Amino acid sequence: MALNPEVLALHDEMKALRRQIHQNPEVGLDTVETVKLIKSRLDGYGISCADIGVNSLVAEIKGGEGDTTVAFRVDMDALEMSEENDFAYKSTVEGKMHACGHDGHCTSLIALAGYLAKNRDFNGTVLLLFQSGEEGYEGALRVIEDGFFDKYKVDYLFGFHAWPGLEAGKIAVHNGACMASEDRFEVHVTGKSGHASMPHVCNEPFAAVADIIKGLQTIVARKIPSHERGVVSITQVHGGSLRNGIPDNVMVQGNVRTCNEKVQDLIEDSIGQVVKGVGVMYGVEAELDYVRKHPVLVNTTPEIALRAAQKVVGVENVVTDMESSMAAEDFAFFMKYTKGCYVWIGNGADSAPLHNSRFDFDDDILPIAASFFITVINELL
Ligand SMILES: [Zn+2]
Ligand SMILES: [Zn+2]
């Protein structure tokens with residue numbers, strides 16, 4: 001492993017900072033105190049930064065006259081859940097916890113800032129983007145809407161996630177899709193209510209709902225090519241309030257994941273067909289509300305990340321054959337505007353899973369991630 005010595009020298013300080021952030025989790029777009037803390041660190045390094053999006057932050061660091069810009073994006077929001085760890089730095093806020101490692105992600109980028117404060121021997125511009133609201137709060141979209149790509153010329157963007165199940169000291173690089181798309185849908189089936197003893201004078205919605213649910217289960221098995229991956233999950237069904245009554249409306253909610261945009265189109269179309277067809281068959285109104293929440297995260301410059309990762313952790317510790325994850329990540333939105341790569345850094349084979357009440361970021365990732373960023377800069381600038 002060839003970790004940057006200057007970053008290693010910062011390790012104890014960064015570990016303490018990461019634990020401080022872990023103790024004080026903030027959720028969604030409401031990352032006010034975390035932003036204050038990051039700003040004060042960047043100020044201390046003599047690096048100025050600007051607000052962007054909602055409680056997100058961007059720092060621009062110039063080195064030389066080169067006109068290429070390399071950006072690094074980390075998230076910093078926690079989750080609405082209670083921590084069950086009992087170490088000294090556990091969350092001090094009941095019902096909030098850093099269970100996705102974003103405390104470590106943002107600290108890694110502060111470590112890079114600490115290094116760049118003293119080392120401007122690159123030819124171009126480096127951007128550090130600290131983003132709020134990754135966990136389903138559209139933090140990335142708020143940054144983009146606030147003109148991130150108008151205010152800054154971003155040639156490349158890199159990011160990472162601490163990854164449970166991947167051994168400590170390893171980096172996984174995906175060639176192409178890395179994380180899945182996430183779509184959400186609701187089907188509202190409307191019939192006609194009435195007494196359960198007289199269905200012939202009603203228009204019962206449940207039979208249609210049953211066939212819609214059954215029909216949706218055939219999409220992955222019968223429509224998607226067998227070499228592609230997709231998930232269609234029903235997550236909620238609500239309807240009725242009486243033991244002896246047929247309701248007017250039933251709502252079905254679901255979640256769709258895939259790692260290929262063409263498959264995403266196919267699933268959306270197929271759900272539409274099932275809902276429409278079953279509605280006609282039963283003579284009920286069946287309305288589909290389909291929302292694309294996150295696009296597929298597609299890495300477009302894996303070769304750069306691969307070279308950098310190999311230099312930092314050694315060829316033998318870079319994994320290139322991991323299946324893409326069916327979890328979504330809003331870094332995907334940025335990849336619609338620029339090229340780049342998102343990697344996974346091992347949080348340990350025995351790590352608790354992400355979003356688990358006992359998850360904790362492995363502090364040994366801090367120098368690995370910062371060294372990876374530095375090596376990417378050296379590769380490109
Ligand atoms: Zn998460
Ligand atoms: Zn996360």
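This is a predicted model: local features need pLDDT of at least 70, side-chain atom pairs count only at pLDDT 80 or more; totals for chains, interfaces and linings use all residues.
**Zinc site**

I started with the spacing of the donor residues of the zinc ion (ligand 2), which runs C-x1-H-x58-H in sequence. Residues are numbered from 1 along each chain as its sequence is written, chains are lettered from A and ligands numbered from 1 in the order in which they are written, and side-chain values use heavy atoms, with hydrogens and water left out.

Which atoms hold the zinc ion (ligand 2)? I found Cys-100 (SG), His-102 (NE2) and His-161 (NE2), at 2.1 to 2.4 Å. Donors here are N, O and S atoms within 2.8 Å of the metal (3.2 Å for Na, K and Ca); water is not among the atoms, so sites may look incomplete. I then looked up the zinc ion (ligand 1): the two zinc ions are 3.2 Å apart, and Cys-100 coordinates both.

**Hairpin**

Next I checked β1 (residues 49–52) and β2 (residues 56–63), which pair in the antiparallel sense over four bridges. Pairing takes at least two DSSP bridges between two strands. Strands are DSSP runs of E, at least two residues long, and helices are runs of H or I, at least four, numbered from the N terminus. Cys-49 has Ala-59 in β2 as its bridge partner. Three residues lie between the strands of this hairpin, and Gly-53 in the turn has a positive phi of about 60 degrees.

**Four-stranded sheet**

I traced an open sheet in the order β10-β12-β8-β13, with antiparallel pairing. β10 (230–239) and β13 (285–294) are the edges; each has a single partner strand, so one side of each lacks a neighbour in the sheet. β8 (residues 181–190) pairs with β13 over nine bridges, and His-188 stands opposite Glu-287 in β13.

**Helices α7 and α8**

How do α7 (residues 206–222) and α8 (residues 261–282) pack? I noted an angle of about 150 degrees, with axes 9 Å apart. Axes are lines fitted to C-alpha atoms, for helices over the stretch in contact, and angles run from 0 to 180 degrees between N-to-C directions. That makes α7 roughly antiparallel to α8, a label for angles over 145 degrees. Residues in contact (heavy atoms within 4.5 Å) include Ala-207 and Leu-216 in α7, and Ile-271 and Val-278 in α8.

How values were computed. Angles under 35 degrees count as roughly parallel, over 145 as roughly antiparallel, 65 to 115 as roughly perpendicular and the rest as oblique.
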